[in-house]
Amino acid sequence: MKKERYKHRFEFIERQYKEAASTNRILGRIARSFSFIVFAAEVLNDLFKDEGLDMPVDDFPELFLTMCAENSHADRPKNVLIEILEELDANRSHIFDKYEPTNGTHAIVNREGLFLTVNYVNRNLGADAKGCLDEAAVNNSAKE
């Protein structure tokens with residue numbers, strides 16, 4: 001009976017942390033670890049309450065929510081894409097549409113969509129180019 005109660009409690013805690021992580025994939029992966037820590041502390045508190053053991057578990061949800069709010073590195077591909085789109089919006093003369101730009105091509109637009117040139121992506125992403133492109137590929141394959 002206690003086993004089922006513990007199982008349901010862990011699932012509830014894990015669901016809370018995964019919901020807090022929302023679309024942040026990095027925090028989504030550590031949500032289960034945070035859940036386990038909180039769950040283990042609650043179980044130990046339950047098992048040893050007569051001995052006076054009281055592990056504080058109230059700080060973990062606040063810590064996790066702070067990490068969710070402050071973790072912008074996890075959204076690096078999204079942030080870079082926003083920066084690129086803002087730059088393209090401000091410099092539309094670099095977008096190949098009907099006529100080839102005379103001052104360099106950063107993107108090509110047609111009925112299929114907006115396509116960034118490899119040089120433009122590499123220049124904007126620098127050392128992060130491979131990681132961001134891999135992350136984008138993973139996100140695209142997950143949507144299909």
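In what order do the three strands of the open sheet lie? The model described here is predicted. In it, the strands of this sheet follow the order E1-E2-E3, and their pairing is mixed. Two of them form the edges: strand E1, at residues 95–96, and strand E3, at residues 113–116. Each of these edge strands pairs on one side only.

The pairing of E2 with E3 can be followed residue by residue. Strand E2 covers residues 107–110 and runs antiparallel to E3, with four bridges joining the two. Ala107 has Leu116 of E3 opposite it, and Ile108 stands opposite Phe115, also in E3. In a regular strand, side chains alternate between the two faces of the sheet. The link from E2 to E3 is a hairpin, which passes through two residues.

Another part of the chain holds a group of charged residues. On the surface, a patch of negative charge is made up of Asp54, Asp58, Asp59 and Glu62.

Is Asp54 buried or exposed? Its relative accessibility is 63%. Exposed means over 50% relative accessible area, so Asp54 counts as exposed.

Key. Residues numbered from 1 in each chain as written. Predicted model: local features only at pLDDT ≥ 70, side-chain atom pairs only at ≥ 80, totals over all residues. Heavy atoms only, no water. Pairing = 2+ DSSP bridges. Patch = residues over 30% accessible without salt bridge, like charges linked within 9 Å, V, L, I, M, F, W, Y side chains within 5 Å. Areas by Shrake-Rupley, 256 points an atom, 1.4 Å probe, with all protein chains shown as cover. Salt bridge = Lys/Arg side-chain N within 4 Å of Asp/Glu carboxyl O. Lys, Arg positive; Asp, Glu negative; His and termini not counted. Charge placed at Lys NZ, Arg CZ, Asp CG, Glu CD. Buried < 20%, exposed > 50% of the residue type's maximum accessible area, 1.4 Å probe, protein only.
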